[in-house]
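Me: Could you take a close look at one part of this model for me? I'd like to know how one particular residue sits in its surroundings, and then how that compares with a few other spots.

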Amino acid sequence: MKKLQGAHHRKPITPDLLMTPSDQGDVDLDVDFAADRGNWTGKLDFLLSCIGYCVGLGNVWRFPYRAYTNGGGAFLVPYFLMLAICGIPLFFLELSLGQFSSLGPLAVWKISPLFKGAGAAMLLIVGLVAIYYNMIIAYVLFYLFASLTSNLPWEHCGNWWNTDLCLEHRGSKDGNGALPLNLTSTVSPSEEYWSRYVLHIQGSRGIGSPGEIRWNLCLCLLLAWVIVFLCILKGVKSSGKVVYFTATFPYLILLMLLVRGVTLPGAWKGIQFYLTPQFHHLLSSKVWIEAALQIFYSLGVGFGGLLTFASYNTFHQNIYRDTFIVTLGNAITSILAGFAIFSVLGYMSQELGVPVDQVAKAGPGLAFVVYPQAMTMLPLSPFWSFLFFFMLLTLGLDSQFAFLETIVTAVTDEFPYYLRPKKAVFSGLICVAMYLMGLVLTTDGGMYWLVLLDDYSASFGLMVVVITTCLAVTRVYGIQRFCRDIHMMLGFKPGLYFRACWLFLSPATLLALLVYSIVKYQPSEYGSYRFPAWAELLGILMGLLSCLMIPAGMLVAVLREEGSLWERLQQASRPTMDWGPSLEENRTGMYVATLVGSQSPKPLMVHMRKYGGITSFENTAIEVDREIAEEEESMM
């Protein structure tokens with residue numbers, strides 16, 4: 001305090017409150033967390049990181065399949081409507097929370113400590129997803145290395161892993177074209193390569209007996225974690241540079257695959273199958289739910305990645321513009337990926353002489369069975385196979401960067417004095433721990449565990465977290481106060497569209513999704529394998545655990561307060577004294593002098609009016625001050 005007083009009594013040329021902490025000479029402000037935690041170093045770092053995070057594997061292997069099974073081109077109607085109702089508003093809300101506070105998913109709940117359990121639930125969900133998501137990247141690395149040959153190993157039968165059912169699915173030609181194959185009684189070489197060689201699933205009797213560790217997969221998983229660690233070693237300063245390649249290069253490969261696909265014979269057959277509108281599907285509630293689910297999971301809302309990335313922005317970064325760039329870019333990428341995938345599937349169906357729906361699959365079945373099989377039918381098949389899996393690698397790594405950065409940022413923001421100086425070491429420990437927990441996924445029965453994690457880790461629990469976040473910000477913290485914060489940050493208030501979505505449309509849509517997922521619950525399965533009851537129960541508990549963290553966090557917050565139960569609830573739901581922008585230079589109006597070490601209790605605008613030099617953002621702060629004063633007068 002003596003240092004602060006000494007600095008205050010000197011006569012600076014610029015008013016103290018208008019100076020950045022780095023300009024204040026000997027002033028010892030230990031709370032300048034924003035400077036310590038780092039920021040993006042380039043103008044496009046944040047935008048490309050968000051694009052890389054949102055545009056992932058789901059754009060390639062889930063959207064095209066969902067589109068053709070839910071009305072083809074007609075699916076785009078509910079898809080873009082759900083993007084407008086749910087996707088864009090929730091995306092903007094999460095970015096606004098992160099940028100305004102410069103805090104991670106845990107510390108951001110200074111906005112209302114009663115709901116800090118939602119931040120803990122986010123960390124649990126993103127931790128479970130990161131464990132199995134990196135296993136998918138390990139599979140991609142396995143296929144990437146397998147493509148570095150003159151002949152792809154899944155091209156022919158006759159290998160030690162093949163069975164008598166193996167048949168090379170190449171339609172034989174007669175005078176009228178391809179003779180149709182009976183695909184139901186045979187197995188393609190690519191399918192047996194995936195299940196019997198890569199997974200070696202015949203070595204496991206089920207999820208309860210996973211079998212031995214597959215050391216080739218174990219090494220691929222280790223390599224995947226090493227790559228992730230090296231890219232997040234220096235936080236956003238290193239990952240922000242990596243995304244210049246990993247977020248843009250997939251578009252180049254996707255364009256090459258698209259051009260190659262549409263020039264193949266039969267390509268139009270697949271594209272027509274993909275986009276032919278079937279408007280009668282729009283009368284089914286399932287189509288609207290599928291569209292909302294695709295938007296919800298594709299944009300990555302609720303995982304904390306968007307909030308974390310935005311927390312490293314400068315205070316006046318135009319996230320309003322970035323929201324529309326990323327969300328619309330994500331949708332367009334999904335549609336283009338559908339053209340690239342279904343043009344090749346159309347060619348494949350013509351070569352085999354079967355309908356497109358018999359070769360179309362979603363998820364790992366598309367990435368590791370169907371598309372690799374299609375690659376064997378092309379000239380220079382190893383080249384196209386390598387490109388395809390390299391695209392999947394770069395798509396997956398961006399999302400994995402976000403998952404790990406979310407966990408590291410959240411914990412270091414909670415314990416800044418201990419962990420920020422050792423952030424690289426802490427990141428390494430997280431990677432090692434998650435690698436060890438993921439070793440069960442490298443066993444013969446590892447795919448069963450991966451399916452269980454995929455089905456339950458981010459299912460209904462994630463929806464509950466997002467609904468809670470939306471209601472806490474708009475109802476408890478207050479929609480007017482939140483819009484005022486955005487006004488202070490961006491220079492304008494969100495319009496009626498955003499406020500209506502935050503207050504009513506988005507929570508109602510997510511609640512409908514939650515109810516639908518519970519009512520239409522189906523047990524997990526992998527092929528013909530049905531999971532035992534104890535595995536189902538374990539998965540349900542996995543989802544419930546993230547939900548239970550919210551009331552547990554409420555209980556802890558209430559117990560920390562004093563007074564009656566109602567008084568404790570009121571106190572726990574209010575923002576903490578230090579809630580607001582991280583840097584004092586950005587704290588105006590009600591946020592002035594709420595940081596430890598603040599130099600004056602006077603509103604910052606008094607100093608600005610006295611000394612002049614008011615910028616557009618400072619003028620916005622004057623308007624915010626005036627609004628606050630008017631509200632206080634009306635309340636009195």
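Reply: V466 is buried, because its relative accessibility is 5% and the cut-off for buried is under 20%. Bear in mind that this is a predicted model. V466 belongs to helix α21, which covers residues 460-490. Leaving aside residues up to four places away in sequence, V466 touches L90, F296, V301, G302 and L510. Take G302 from that list: 164 residues separate V466 and G302 in sequence, yet their C-alpha atoms are 5.4 Å apart in space.

Now for the surface. L219, in helix α9, counts as exposed because its relative accessibility is 56%, and exposed means over 50%. L219 is also one of the residues in a nonpolar surface patch of about 640 Å², along with F145, L148, L222, L223, V226 and L230. Helix α9 gives the most to that patch, five residues.

Most residues other than glycine have a negative phi. L380 isn't a glycine, but its phi is positive, about 55°. You'll find L380 in the loop between α16 (364-375) and α17 (381-414), and the residue is exposed, with a relative accessible area of 64%. H200 is another non-glycine residue with a positive phi, near 50°.

Terms used:
Residues are numbered from 1 along each chain as its sequence is written. This is a predicted model: local features need pLDDT of at least 70, side-chain atom pairs count only at pLDDT 80 or more; totals for chains, interfaces and linings use all residues. Side-chain values use heavy atoms; hydrogens and water are left out. Helices (H or I, at least four residues) and strands (E, at least two) are DSSP runs, numbered from the N terminus. Buried means under 20% relative accessible area, exposed over 50%, partly exposed in between (1.4 Å probe, protein chains only). Patches are made of residues with over 30% relative accessible area and no salt bridge: like charges are joined within 9 Å, nonpolar side chains (Val, Leu, Ile, Met, Phe, Trp, Tyr) within 5 Å. Accessible areas come from the Shrake-Rupley method with a 1.4 Å probe; for residues, only the protein chains shown count as cover. A salt bridge is a side-chain nitrogen of Lys or Arg within 4 Å of a carboxyl oxygen of Asp or Glu. Contact means heavy atoms within 4.5 Å.
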